[in-house]
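Good morning. I will take one protein today, beginning with a single residue and ending with the whole chain. Please look at the screen.

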Amino acid sequence: MHLGLIGYGNIATSLIGMLDTSHVTGVSVLVRPGSSKTVAPSATDLPVRVVADLEGFRATRPDLIVECAGHAAVGEHVPPLLAAGYDVVLASIGALADASLHEKINSAAEAGGSRLILPSGAIGGLDMLRTLSCASAVDVTYTGTKPPRAWAGSPAEDLADLEALEQAETFFRGTGREAALTFPKNANVVAALALAGAGFDEMQVALVADPQASANQHAYTVTSPNCTYAMTIDATASTDNARTSQTTVFSILQEILAYRVIA
């Protein structure tokens, strides 16, 4: 299988280093024009080709495409690729909080006869949430707690003095849609829960910066007439990106391996 990647940041380079040559024979990476990233990570023996335009990317004929470049890249590249018949694994699922983009992506997939694949990312228990949502409305509350450095570069800097924190501070409370759109690099877990049945506008979200946190914690409760459960996950952050849990990369890898089996 030839794998296509949109984006060449921490997720992409970590993923390339995990790929087994028995499943993936080569990788094409779509980067922004003028990007200085042109070489393969040292941890892989796979041939990696870097291109800076969509047509050149399509010309490499990827069998499966993984987006891991952020919300702007989703809007720019994912609809035309889906419409052209490519299946896409979407890492930046928080982009689907934009209702108009979500509709555009669904229409493109239908037109192209393609699939949009949503990895679980850093969260678990989505199978139970989907099951309960089939029977009745569910009430979901989520709290995301990360070290202050994981919120650097986000609007959290305007809501809390991250460098001076001595104890945990909840700097945001709102709906899932508000969280996913306001914190696009930190709230893909929120989108995963919303799309599994919680609903972007129905679920309630709290975001916390905690100087004592040693991991990225995802805690949520689900209440329905048929079942109530709670889940707390402490996920190790990626080595080079404190915002991203390492399990996010593993979940994308799992989707690639599963696709290889069934394709």
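Which residues does Ser-28 touch, not counting residues up to four places away in sequence? They are His-2, Leu-3, Gly-4, Leu-5, Arg-49, Phe-57 and Thr-60, where contact means heavy atoms within 4.5 Å.

A word on the source. This is a predicted model, in which local features need pLDDT of at least 70 and side-chain atom pairs count only at pLDDT 80 or more, while totals for chains, interfaces and linings use all residues. Residues are numbered from 1 along each chain as its sequence is written, and side-chain values use heavy atoms, with hydrogens and water left out.

Back to Ser-28. You will find Ser-28 in strand β2, residues 26–30. Strands here are DSSP runs of E, at least two residues, and helices are runs of H or I, at least four, numbered from the N terminus. Is Ser-28 buried or exposed? Its relative accessibility is 1%, so Ser-28 counts as buried; buried means under 20% relative accessible area, exposed over 50%, with a 1.4 Å probe and protein chains only. The side chain of Ser-28 also makes a polar contact of 2.6 Å with the side chain of His-2. A polar contact is a pair of N or O atoms within 3.5 Å; within protein, one must be able to donate a hydrogen and the other to accept it, and residues adjacent in sequence count only if both atoms are side-chain atoms.

Now the whole protein. There are 9 helices and 13 strands. Of its 263 residues, 52% count as buried. The C-alpha atoms fill a box of roughly 50 × 45 × 30 Å along the principal axes.
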